[in-house]
Amino acid sequence: MKITKRFNRVIKPLKPINCSNSKPKPHIVKSDPILNPKSKPKPKRRTIKKKSITQSDVKLEDLKHTFLLEKPPKILSLDFYQIDALELAPQLLGKYLKKDDVVLQITEVEAYRSNDSACHGRVGVTSRTAPLFGSGGHAYVYLCYGMHNMLNVVADKEGIGSAVLIRSCAPISGLDTIKQRRGLDTEKPVLLTGPGKVGQALGLSTEWSTHALFTPGGLELLEGPEVKEIVVGPRVGIDYALPEHVSALWRFAIAGSPWISAPKNTLRPPLSPG
């Protein structure tokens, strides 16, 4: 009878048992540092970086809350506007524009002076520019490109012909009305970053020119919080002006605010005097 291959195996002998007196090497168990109370690792200290709070960190709800909790802001008096446009412009930052249920906070402006080749007053008094030569504290609204109503705040004494253009604002109240007028359902800065957008959000037309901003009713300019930090730069879209006026740093904005129109990269902190 044939033995099949599966049983034809060579069985290896078992290893011999060591019967010598030599002690076996002890098995060393490495201790876990987490379980060993003597070698507890020191917890790492977390360094919390302090974040500087800027205007960009302030949410719309915070702005509304602040506005509603404070005493109702007073209307700015006529005397407030009786100064040079270059001096008035930065003082308008942080102030409130109110019309109907809409309240906006001014975040960006441009100054236009009487001896300025970029100012409408350079052509003298016309049917279009007449409101510009009125007394400070009145509105000057003009139509740009046949579609954008641009709001300006007349500065200085009657007959001077200077004003401050409102370039951008942040919404404080009446957001639904703003969106409806703008035809844009968003709460992003694109809603109000540009002078045409501000005019549209307020529902303005050229008929609002000569309106007194210091009287109750209609369009009002109200007191606002003091702005501590600003940025400055050259004005936008005035390539037709003289070189010294094109490069003049007569554009002002609240530092850190997202509610600023383009271009932003031309804005810098003002040089300290001296």
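# Reading the terms on a predicted model

Modeller: The protein chain has five helices and eight strands. This is a predicted model, in which local features need pLDDT of at least 70 and side-chain atom pairs count only at pLDDT 80 or more, while totals for chains, interfaces and linings use all residues. Residues are numbered from 1 along each chain as its sequence is written, and side-chain values use heavy atoms, with hydrogens and water left out.

Biologist: What makes a stretch a helix or a strand here?

Modeller: Both are DSSP runs, numbered from the N terminus: helices are H or I with at least four residues, strands are E with at least two. From the N terminus on, the elements run α-α-β-β-β-β-β-α-α-β-β-α-β.

Biologist: Why is Leu76 called buried?

Modeller: Buried means under 20% relative accessible area, exposed means over 50%, and partly exposed is in between (1.4 Å probe, protein chains only). Leu76 has 5% relative accessibility, so Leu76 counts as buried. Leu76 lies in the loop between helix 1 (60–69) and helix 2 (85–92). Buried residues make up 42% of the 274 residues in the protein chain.

Biologist: What does Leu76 touch, and how do you know that these are contacts?

Modeller: Contact means heavy atoms within 4.5 Å. Not counting residues up to four places away in sequence, Leu76 touches Tyr81, Lys95, Phe214, Leu221, Leu222 and Glu223. The C-alpha atoms of Leu76 and Gly224 are separated by 9.6 Å, and these two residues are 148 residues apart along the chain. Among contacts in the protein chain between residues at least 6 apart in sequence, 64% join residues at least 24 apart.

Biologist: Is Lys179 buried or exposed, and why?

Modeller: Lys179 stands at 16% relative accessibility, so Lys179 counts as buried. Lys179 lies in helix 3 (residues 175–182). Leaving aside neighbours within four places in sequence, Lys179 is in contact with Leu184, Asp185, Thr186 and Glu187.

Biologist: Which residues of helix 2 are buried, and why are they said to line one face?

Modeller: Ala85, Leu88, Ala89 and Leu92 are buried in helix 2. Seen down the axis of helix 2, the buried residues fall within an arc of 110°, so they line one face of the helix. The arc is that of the directions from the helix axis to the C-beta atoms. As a general point, an α-helix has 3.6 residues a turn, so residues three or four places apart point the same way. The buried residues of helix 2 pack against strand 2 (102–112), strand 4 (148–155), strand 5 (162–173), strand 6 (220–222) and strand 8 (251–254).

Biologist: What is found at the ends of helix 2?

Modeller: Asp84 caps the N-terminal end of helix 2, with a side-chain oxygen 2.8 Å from the backbone nitrogen of Leu86. Helix 2 is followed by Gly94, whose phi is positive, near 90°.

Biologist: How many disulfides does the structure hold, and how do you know that?

Modeller: A disulfide is a pair of cysteine sulfur atoms within 2.5 Å. The structure holds zero disulfides. Cys169 is buried, because the relative accessible area of Cys169 is 0%. Cys144, at 16% relative accessibility, counts as buried.

Biologist: Which peptide bond is cis?

Modeller: The bond from Ala262 to Pro263 is cis, with omega near 0°. Pro263 lies in the segment after strand 8.

Definitions and conventions
Polar contact = N/O pair within 3.5 Å; in protein donor to acceptor, adjacent residues only side chain to side chain.
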